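Student: Please take a close look with me at one part of this model, and tell me how it packs against its surroundings.

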Amino acid sequence: MRKRYLPIVLLISLLATACSKLDEQPRAILVNEQFYLDEAQAVAAVTGTYRKLYETGQSLYNSLFQIGVEMATDDYEAGPRARNAHVRAISNLTHDASNDRMEQLWKQSYDAINASNLNIVAIEKIPADKIDATIQKRLILEARFLRALHYFNLVRWFGDVPLQLQPIANLSKAELQVAKSTEEQVYLQIIADLQAAEALPNYKAYGDTDRGRASSGAAKSLLAKVYLTQKDYAKAKAKAAEVIEQEGYELFEEFADVFNVETKNGKEHIFSAQFKGNVGYQGNSLAGRSAPADIPGINGDYADALHVQGGLYEAYEKTDARLAVTFTLGKVSPVDGKYYALPTPQFNKYYDDAVVGNQSQSSKNLPIIRYAEVLLIFAEAENELNGPTAAAKDALNAVRQRAKTTLLTTSVSKDAFRESVFEERRKELVYEYQRWFDLVRRGADYYVAKLKAAGKINASARHLHFPTPQRELNLNPNLKQHPDWINH
C-alpha cells in the first residue's frame, strides 16, 4: 500500500505549495478520499511528512538550513567551493528577496505544513473500524507537532507569514492567495499545536520501529523554546523544568555519543532528523559539505562551509571534550592509511567513519532539540527571572561538566551569566542550526556587533529577518514585503 500511496501525497503537496499560481483546478488529482482509508495508510502518510524535514538533496534539515540560514552568522562563511552566488550572498549579508535559498526555505516549509494539514483533516475522518483510536489520536498530534515546528521556523525567519490550517483542496486563488497573519497570531497557533501535542506518548513508550517520532517530551521541549524566544521566561522555565523532572531524559556521559550512529535516538535525543546512509540516498549530506575534499578516499567538499577564522574554534578551552568531536585538524586516508593535516580546522560532527568515499551518505542523525539544550533553556530563563541562582548554575554546569570544561562556581552578574549561557549554546550546539536564531533573538545591536566582529561588515538591523521571497510576492498580490526589506 505504501508504495502506491506516498507518491500521490507528494504530488498533492507539491501542487499545493503555498502561493503557487494555477488557474486550472485539476480536481481529478486531488482525490484524498481514495487514500487515508485505514491505519496503515495513515501511518505511511505521517511518516512521509517526517521525511520532508530531511529528504535527500537540499532539504530543510539536510543542508538548506546551513547554506540558507547559518551562513548569515558569525560562525560560518562560504568557502571557495561554495560557488553558488545565492549562498555567497547570504554569507556576505548581501542577499535580497530574489535569493533562491530564501525561496526554498519558504516553499519547503509550506509544502510540509500542507502535508501536516492534510494528515490532520484526513486521519480524523478514517472510520473507527479501520484505525485504532489511540493510533489515530497519536498521528494527528504528531502532525500538529510537525506543523508547529515549521511555523516556528517560518515566523522567526520571515516575521509575519500566511497562516494556513487547512489542506489545499482545489488550487483556487482564494486558497492560495492568502495574506500574512501577524507574528502574534502565528505564535498563538504554534503554542496551541504544541500544547495539544503534549498528550503524545513518552519517548520510552515507542518501540524500535517508531524511534524518532515526536513525543510528549519533544512537544514540551519545543514549547519551552517557543516561550524563551517570546521572552516569556516564567513559562519557559516551568516547561523546561517539567521536561527535566518528568520526561526521563539524561545527558550521555560522553559528548561523542550524541553523534555516534550506535547511540542514535538515545537518552539525550528529544527530536532528531533521521538519517540512514546508503539506503535510498537517505544520508546526512552535512557530513559531505564539511568533509575534506583533498584526502584520498574522502569525497567531501569542506570548503563549502568554513568556520570563521579566529572565532568559534579558538573559543573552546583546549580540554573541552566537544572540540575534537566538533572539529578536525586532519584525517587518516581510508585508501592509503596516511594522515593528512588540514590547512584550517574543519567541521567534523557528522563525519561517519563507516562511510568510505561519499560522506553525503553519513548515517549520523541531526539533533533538532536535545536534552542539553533544555538544560540551557532552563538556565537562561531562571537567570532572566531571578539572576544567576544556584539552580541556574547547576543547569549550566551539567553541560559544562560533561564537556570537561571549567565549571562556573564564582559569583557573576546577571548580564555575565546570560553571556555565558549564549556562549555555551554556541559551543554545545555547533552545526545544529541554532546560532542564527540565538543571535537574532538578542536584537539588532547584538547581532550586528557579533557579525561585524567576525568580519561581516554588511550586517545590519534588517538581517534580523529574511525578506519575503520575490517569487511569492509576484504570485500572490495579497502578500506584502517585510517592512525592513522594502526598497532593499
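Student: Is the crossing in which α10 passes α14 left-handed or right-handed?

Tutor: α10 passes α14 in a left-handed crossing; that hand means that the near helix is turned anticlockwise from the far one by less than a right angle, while clockwise would be right-handed. Before we go on, this is a predicted model, in which local features need pLDDT of at least 70 and side-chain atom pairs count only at pLDDT 80 or more, while totals for chains, interfaces and linings use all residues. Residues are numbered from 1 along each chain as its sequence is written, and side-chain values use heavy atoms, leaving out hydrogens and water.

Now to the pair you asked about. Helix α14 covers residues 371–386, and α10 packs on α14 at an angle of about 145 degrees with the axes 8 Å apart. Helices here are DSSP runs (H or I, at least four residues), numbered from the N terminus; axes are lines fitted to C-alpha atoms over the stretch in contact, and angles run from 0 to 180 degrees between N-to-C directions. In contact (heavy atoms within 4.5 Å), residues of α10 including Tyr233, Ala236, Ala240 and Val243 meet α14 residues, among them Tyr371, Leu375, Phe378 and Leu385. By class, this contact has 14 nonpolar, one polar and three charged residues; Ala, Val, Leu, Ile, Met, Phe, Trp, Tyr, Cys and Pro count as nonpolar, Asp, Glu, Lys and Arg as charged, and the others, Gly among them, as polar.

α10, residues 233–246, also packs with helix α9 (residues 216–229), at an angle of about 155 degrees and with axes 8 Å apart. α9 and α10 are therefore roughly antiparallel, a term for angles over 145 degrees. Their crossing is left-handed. On the α9 side, Gly217, Leu223, Ala224 and Tyr227 are among the contacting residues, and on the α10 side Tyr233, Ala236, Ala240 and Val243 are among them. This contact has eight nonpolar, three polar and four charged residues.

A word on confidence to finish. pLDDT, the predictor's confidence in each residue from 0 to 100, averages 89 over the protein, and 90% of the residues score at least 70. Residues 1–31 stay under 50. Where pLDDT is low, the predicted coordinates should not be read in detail.

Key:
Helix = DSSP H or I, 4+ residues; strand = E, 2+ residues; numbered from the N terminus. Parallel < 35°, antiparallel > 145°, perpendicular 65-115°, else oblique.
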